[in-house]
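Subject: Structure for your review

Dear colleague,

Please find below the structure that I am handing over to you. I would ask you to look at it first and then to read the notes that follow.

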Amino acid sequence: MYDHAARAATGQRYVVAERQGEWTAIWYLGQKAWFRNPASGPVAVPGRARPGTAGDAPARPGLRPRVRDA
């Protein structure tokens, strides 16, 4: 396991890979990166997906959240 927490930039868009309870995974560097995202105090907000703008992320359905500063 490698800690990517310090590398995902705030304000960027990421593709949601999976959700489990209060946890959300995004596609980051070709793998799932998990972070806690409780409904009572979310750290990611939904964005509007634009076709063909996922960059290097695999094409996956779902929201493209924008991570807010904590």
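Strands S1 and S2 pair in the antiparallel sense, over 4 bridges. Please bear in mind throughout that this is a predicted model.

The loop between S1 and S2 contains glycine 21. Glycine 21 counts as exposed because its relative accessibility is 81%, and the cut-off for that word is over 50%. Between glycine 21 and arginine 36 there are 9.0 Å in space, C-alpha to C-alpha, although the two are 15 residues apart in sequence.

Threonine 24 is a residue of strand S2 (residues 23-28). Its relative accessibility is 4%; as buried means under 20%, threonine 24 counts as buried. Leaving aside neighbours within four places in sequence, threonine 24 is in contact with several residues, among them Val16, Trp34, Phe35 and Asn37. With asparagine 37 there is also a polar contact of 3.4 Å between the two side chains.

Asparagine 37 itself lies in the loop between S3 and strand S4 (44-45). It is buried as well, with a relative accessible area of 15%. A polar atom of the asparagine 37 side chain lies 3.2 Å from the backbone nitrogen of alanine 44. Residues up to four places away in sequence not counted, asparagine 37 touches Glu22, Trp23, Thr24, Pro42, Val43 and Ala44.

Which residues make up the largest nonpolar core? There are 6 of them: Tyr14, Ile26, Tyr28, Ala33, Phe35 and Ala44. S2 and S3 are the elements that give two or more residues to this core. In soluble globular proteins, nonpolar side chains tend to be buried together.

Yours sincerely,
A colleague

Notes
Residues are numbered from 1 along each chain as its sequence is written. This is a predicted model: local features need pLDDT of at least 70, side-chain atom pairs count only at pLDDT 80 or more; totals for chains, interfaces and linings use all residues. Side-chain values use heavy atoms; hydrogens and water are left out. Buried means under 20% relative accessible area, exposed over 50%, partly exposed in between (1.4 Å probe, protein chains only). A polar contact is a pair of N or O atoms within 3.5 Å; within protein, one must be able to donate a hydrogen and the other to accept it, and residues adjacent in sequence count only if both atoms are side-chain atoms. Contact means heavy atoms within 4.5 Å. Two strands pair if DSSP finds at least two bridges between them. A nonpolar core is a set of buried Ala, Val, Leu, Ile, Met, Phe, Trp, Tyr and Cys residues joined through side-chain atoms within 4.5 Å.
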